[in-house]
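Here is a set of questions about how terms are applied to one protein model. Each reply sets a value beside the rule it is judged by.

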Amino acid sequence: MTSAPLPHDPLWPRAGGWPARTGSRADLAVIGVPTWRTSLSTTGAHATPAAVRDALRRYSPALIRGADGAPVDLGELAVVDHGDVDEPDRPEGEARARAAVGAALAGARALVALGGDNALTVPVALGAWGDDLPTAGLVTFDAHHDLRDGVSNGSPVRRLVEAGLDPARVVQVGIADFANSATYARRARDLGLTVVTLDDLRARGNGAAGLADVVREALDVAGGAGGPVHLDVDVDVCDRSVAPGCPASVPGGLAAWELRALVRAAATDPRVRSVDLAEVDATADSPDGRTVRLAALCVLEVLAGLALRPR
């Protein structure tokens, strides 16, 4: 996507230009985990972290109304970008990614990992959980169960369960008809995963308040053992009209505002320690870059959630 230079206004700071921070603590750690080599479909998802960072510059780090009704400058939160993990696919790359995520999160309240296809969920979640795996939980915003056999972007949930994640603390939100096989749907049921289908989500109604209720219930399940919760945000849960850069997005998925509301509601909860953004292929996006821009806004929604967390 080619565009004109962005205007400069000293009273309108831009997101993404995270200043250098001193000290040992940050509010949010950002790290790129550009997985793509085991994808089930042709993808250029390894180009996405850089594209998301660039898209962030289009937005202001400001909330119009915070918890007290006053504007909030998210630029006042400490954000540290740790760059990209080199070649994070396959066992050696996953080990690098796990170590990098663990190190980045050790100095931050929360972490966002920029993918990459959905294969990044395995090393990012394991790196974020560390020794807390026995009590950890997982929430996915995804149209797919991700329980396939083998090692690919279609298998992260199965692999995490096999690594020791208790399936009773896995909640999948947005699972769609015609996007999963009956065999994998039965596997989810037999494992005891909590599944909130796209139809279930819409039946709840009540706009953002209803979505927040779903998130709260999901986190009560995933965080029931008191351990950290990882949030997997697979952008292909969205309607194809707003996420054409996701190879597996389909017509009838979530609206962009719904995904953003879900992400902010989850990030507001201190049980969520880590988030990944997955399945955006920046090289296949529409000319206006709408999928990458949505992913960038999800980064800002995580930052907004941190700002709105109870003190």
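Predicted model: local features only at pLDDT ≥ 70, side-chain atom pairs only at ≥ 80, totals over all residues.

Q: What makes helix H4 count as largely enclosed by the rest of the structure?
A: A residue is called buried when its relative accessible area is under 20%. Six of the eight residues of H4 (residues 156–163) are buried, so the helix is largely enclosed. The buried ones are Pro 156, Val 157, Arg 158, Arg 159, Leu 160 and Val 161.

Q: What covers the buried residues of H4?
A: The cover includes helices H2 (90–105), H3 (121–129) and H5 (182–191), along with strands E6 (137–141) and E7 (170–175).

Q: Why are E4 and E8 called edge strands?
A: Two strands pair if there are at least two bridges between them. Strand E4 (79–84) and strand E8 (194–197) each pair on one side only, and they are the edge strands. The open sheet has eight strands, in the order E4-E1-E5-E10-E9-E6-E7-E8, with parallel pairing. From one strand to the next, the twist averages 15°.

Q: How do you know that E6 and E9 pair?
A: Pairing needs at least two bridges. Five bridges join E6 to strand E9 (residues 229–234), and the two run parallel. Across this pair, Thr 140 stands opposite Asp 232 in E9.

Q: Why is H1 called roughly perpendicular to H9?
A: The two helices pack at an angle of about 70°, with their axes 8 Å apart. Angles from 65 to 115 degrees count as roughly perpendicular, so H1 is given that description relative to H9.

Q: Which residues make the contact of H1 with H9, and how do they divide by type?
A: H1 supplies Ala 51, Val 52, Ala 55 and Leu 56, while H9 supplies Val 292, Arg 293, Ala 295, Ala 296, Val 299 and Leu 300. They divide into nine nonpolar, no polar and one charged.

Q: Which residues does Phe 141 touch?
A: Leaving out residues up to four places away in sequence, its contacts include Val 173, Val 215, Leu 231, Asp 232 and Leu 259.

Note on methods:
Residues numbered from 1 in each chain as written. Heavy atoms only, no water. Contact = heavy atoms within 4.5 Å. Buried < 20%, exposed > 50% of the residue type's maximum accessible area, 1.4 Å probe, protein only. Helix = DSSP H or I, 4+ residues; strand = E, 2+ residues; numbered from the N terminus. Axes fitted to C-alpha atoms, helices over the stretch in contact; angles between N-to-C directions. Parallel < 35°, antiparallel > 145°, perpendicular 65-115°, else oblique. Nonpolar A, V, L, I, M, F, W, Y, C, P; charged D, E, K, R; others polar.
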